[in-house]
Amino acid sequence: MRVKKQTNNLLVEALGVPDDIKMLVEIYGDLIIDKLIENIGFKKYKSSDISIPNYGEYESIHGKFDITGSESWKFLTNSPKWDKNKWKIFPMYKNSFEINFRVLPSEYFEINDRESPGVGASFIFEPGKMSIKTTKSGMEYYDSSNFMFDIHMTEEQFSNPISIKRRLESVISHEIFHSYQLFTKYKKTNQVGYGSESVLNSMQGLLMSEFNKDWNDFLLCVYYTLKFEQQARVPQVYYNLKDKQITNYEEFVSELKNEDVYKEIEMLKKFNSDKILEDMTKINSFQDVIIAPIKIQQMMENIKNWDDFMEIVLDRLQQMGQDISSIKRLGPKVLGSPENFFKYWEKLFHYRADQMWRKLTRLYDKIKD
């Protein structure tokens, strides 16, 4: 049995789901669920009317609670799942959490083709403060991670919070994996951050447009191609599917196609350089007559100045403490025309989509019963 368990762990790690994060994912999942149940039980929430597109008015329950670093550490070490030796491999210490939750009608998720519960999250680290420290007792620990979670659930899930745990764990695994990426890189190289991809990650947020959806969709595709984001989606899918009692490859693919990451892969695969230019210049209404030239001008400026923007972002990230030695500039040929620019990205998008799909399908051997 032990040999089989070790083999399974090695297999999962080879597929991109490190066993080093498993204990933390499960215990932090317990922690958030326990605190959510506590807040609901003591009615630590508010209720207010909101307007939901394509649905109408709804009286929504919503609330917020914080978990301090000391609280999370105490919960972690008192958990029956706690294993100090496992923790020493990835010694996250005193992580704080901010949890926002809201109840929405089940129709909201159906109308918007969204999975319930919806769990958004972000992992926050301060590059200038990142370090591996040692306590007075000689215990080494890694202290740089704070987490934020936004949970949208149905009334039924609000009445039974434990029902959202699988989905919550999958998102926790994604965010903790980001922390794990930073920790392992820092441990091996003494360098802070995700490297040159951090520049593109910041760029896609910086260059978002108020009125050009096609351009924003393109930037979203840039984000989906980042290797550190694609890597973090592997454990997220694993935790979402591991208890689904999948018995064959067809069932696995069917379940995989319900995951958000599948929509991301499809978005990358369907990106077409000719179509995005056509869509930006298309005139369907009087408003387009006014907006289309502005959209084109903004796009042209962004493409022309792409490498310059990268330099500005690079400088800013380096000032913040991230170690980024160089970036890949696209150069005058690619930036010389929108056609060349989008052709370049189309090729990369399609390649990364195929790459991501292959990574995810390799999870089948671990997930199947």
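**From a buried isoleucine to the sheet**

Ile276 is buried, with a relative accessible area of 7%. Buried here means under 20%, so Ile276 qualifies. The model is predicted. Ile276 sits in helix α13, which spans residues 273–281. What does Ile276 touch, leaving aside its neighbours within four places in sequence? Its contacts are Asp214, Phe218, Phe271 and Phe342.

Two of those names lead on to a helix pair. Phe218 belongs to α9 and Phe342 to α17, and both take part in the contact of these helices. Two packed helices are described by the angle between their axes and the distance between the axes. For α9 (residues 213–224) and α17 (residues 338–361), the angle is about 45° and the axes are 11 Å apart. That angle makes α9 oblique to α17. The crossing of the two is left-handed. On the α9 side, the contact uses Trp215, Phe218, Cys221 and Val222. On the α17 side, Phe341, Phe342, Trp345 and Phe349 meet them. By class, this contact has eight nonpolar residues, no polar ones and no charged ones.

Helix α8 (residues 197–206) also reaches this pair. Its buried residues are Glu197, Ser198, Val199, Leu200, Met203 and Gln204. They pack against α9 and α17, and also against α10 (227–241) and α15 (306–320).

Now turn to another part of the chain. Lys81 lies 195 residues from Ile276 in sequence, and their C-alpha atoms are separated by 50 Å.

Next comes the sheet. In what order do its five strands lie? The order is β1-β2-β3-β7-β4, in an open sheet with mixed pairing. β1 (46–52) and β4 (118–124) stand at the edges. Each has a single partner strand, so one side of each is left without a neighbour in the sheet. Neighbouring strands are turned by 20° against each other on average, direction ignored.

β1 runs antiparallel to β2 (residues 56–67), and seven bridges join the two. Lys46 stands opposite His62 in β2. Ile52 stands opposite Gly56, also in β2. The β1–β2 hairpin has three residues between the strands. Asn54, in this hairpin, takes a positive phi near 65°.

Helix α3 (residues 69–78) touches β2 and β3 (96–103). The direction of α3 makes about 80° with that of β2. Helix α7 (residues 165–189) lies across β4 and β7 (146–153). It runs at about 15° to β4.

Helix α3 has a helical partner too. Helix α2 (residues 22–41) crosses α3 at roughly 115°, and their axes come within 10 Å. This crossing is right-handed. From α2 the contact takes Leu24, Ile27, Tyr28, Asp30, Leu31, Asp34 and Lys35. From α3 it takes Glu71, Ser72, Phe75 and Leu76. Why can contact residues three or four places apart in an α-helix point the same way? An α-helix has 3.6 residues a turn, so residues at that spacing point the same way. By class, the contact of α2 with α3 has six nonpolar, one polar and four charged residues. The contact of α9 with α17, by contrast, has no charged residues.

Note on methods:
Residues are numbered from 1 along each chain as its sequence is written. This is a predicted model: local features need pLDDT of at least 70, side-chain atom pairs count only at pLDDT 80 or more; totals for chains, interfaces and linings use all residues. Side-chain values use heavy atoms; hydrogens and water are left out. Axes are lines fitted to C-alpha atoms, for helices over the stretch in contact, and angles run from 0 to 180 degrees between N-to-C directions. Helices (H or I, at least four residues) and strands (E, at least two) are DSSP runs, numbered from the N terminus. Angles under 35 degrees count as roughly parallel, over 145 as roughly antiparallel, 65 to 115 as roughly perpendicular and the rest as oblique. A crossing is left-handed if the near helix is turned anticlockwise from the far one by less than a right angle, and right-handed if clockwise. Contact means heavy atoms within 4.5 Å. Ala, Val, Leu, Ile, Met, Phe, Trp, Tyr, Cys and Pro count as nonpolar, Asp, Glu, Lys and Arg as charged, and the others, Gly among them, as polar. Two strands pair if DSSP finds at least two bridges between them. Buried means under 20% relative accessible area, exposed over 50%, partly exposed in between (1.4 Å probe, protein chains only).
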